[in-house]
Amino acid sequence: MPVDRIITKDRAGIIWSCITWCSLLLMIPAGLAGMMLQTLLPANLGYPQLIRPACPSGSP
């Protein structure tokens, strides 16, 4: 068995820290994708969008 395939405590720490950082960094695009879906999905399914009601005086 090659020596580089043996998982020592030091290598396990490096592997777990890499997994941890990768998962934390993936939360950013996942959050952005969630916000996009929250906005775009109802619009694409045909639900009415929030429309600001017109002022009675006619001014914006």
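The protein chain has an accessible surface of about 6000 Å², with 73% of that surface belonging to carbon and sulfur atoms; accessible areas come from the Shrake-Rupley method with a 1.4 Å probe, and for residues only the protein chains shown count as cover. This is a predicted model, in which local features need pLDDT of at least 70 and side-chain atom pairs count only at pLDDT 80 or more, while totals for chains, interfaces and linings use all residues. Residues are numbered from 1 along each chain as its sequence is written, and side-chain values use heavy atoms, leaving out hydrogens and water. Of the 60 residues in the chain, 0% are buried (buried means under 20% relative accessible area, exposed over 50%, partly exposed in between, with a 1.4 Å probe and protein chains only).

**The helix**

- The chain has one helix and zero strands; helices (H or I, at least four residues) and strands (E, at least two) are DSSP runs, numbered from the N terminus.
- Helix H1 covers residues 9-44.
- From first C-alpha to last, the 36 residues of H1 reach 51 Å, close to the 52 Å expected at 1.5 Å a residue (the expected span is 1.5 Å times one less than the number of residues).
- A kink of about 30° in H1 is centred on Leu37, where the bend is the angle between axes fitted to the seven residues ending there and the seven starting there.
- Gly46 follows H1 and has a positive phi, near 95°.

**The nonpolar patch**

- Ile7, Ile15, Trp16 and Ile19 make up a nonpolar surface patch with about 420 Å² of accessible area together.
- Patches take residues with over 30% relative accessible area and no salt bridge, joining like charges within 9 Å and nonpolar side chains (Val, Leu, Ile, Met, Phe, Trp, Tyr) within 5 Å; a salt bridge is a side-chain nitrogen of Lys or Arg within 4 Å of a carboxyl oxygen of Asp or Glu.
- Ile19 lies in H1 and counts as partly exposed because its relative accessibility is 42%.

**The cysteines**

- The structure holds zero disulfides (a disulfide is a pair of cysteine sulfur atoms within 2.5 Å).
- The closest cysteine sulfur to that of Cys18 is in Cys22, 4.0 Å away, which is too far for a bond.
- Cys18 is partly exposed at 44% relative accessibility, and Cys22 is partly exposed at 42%.
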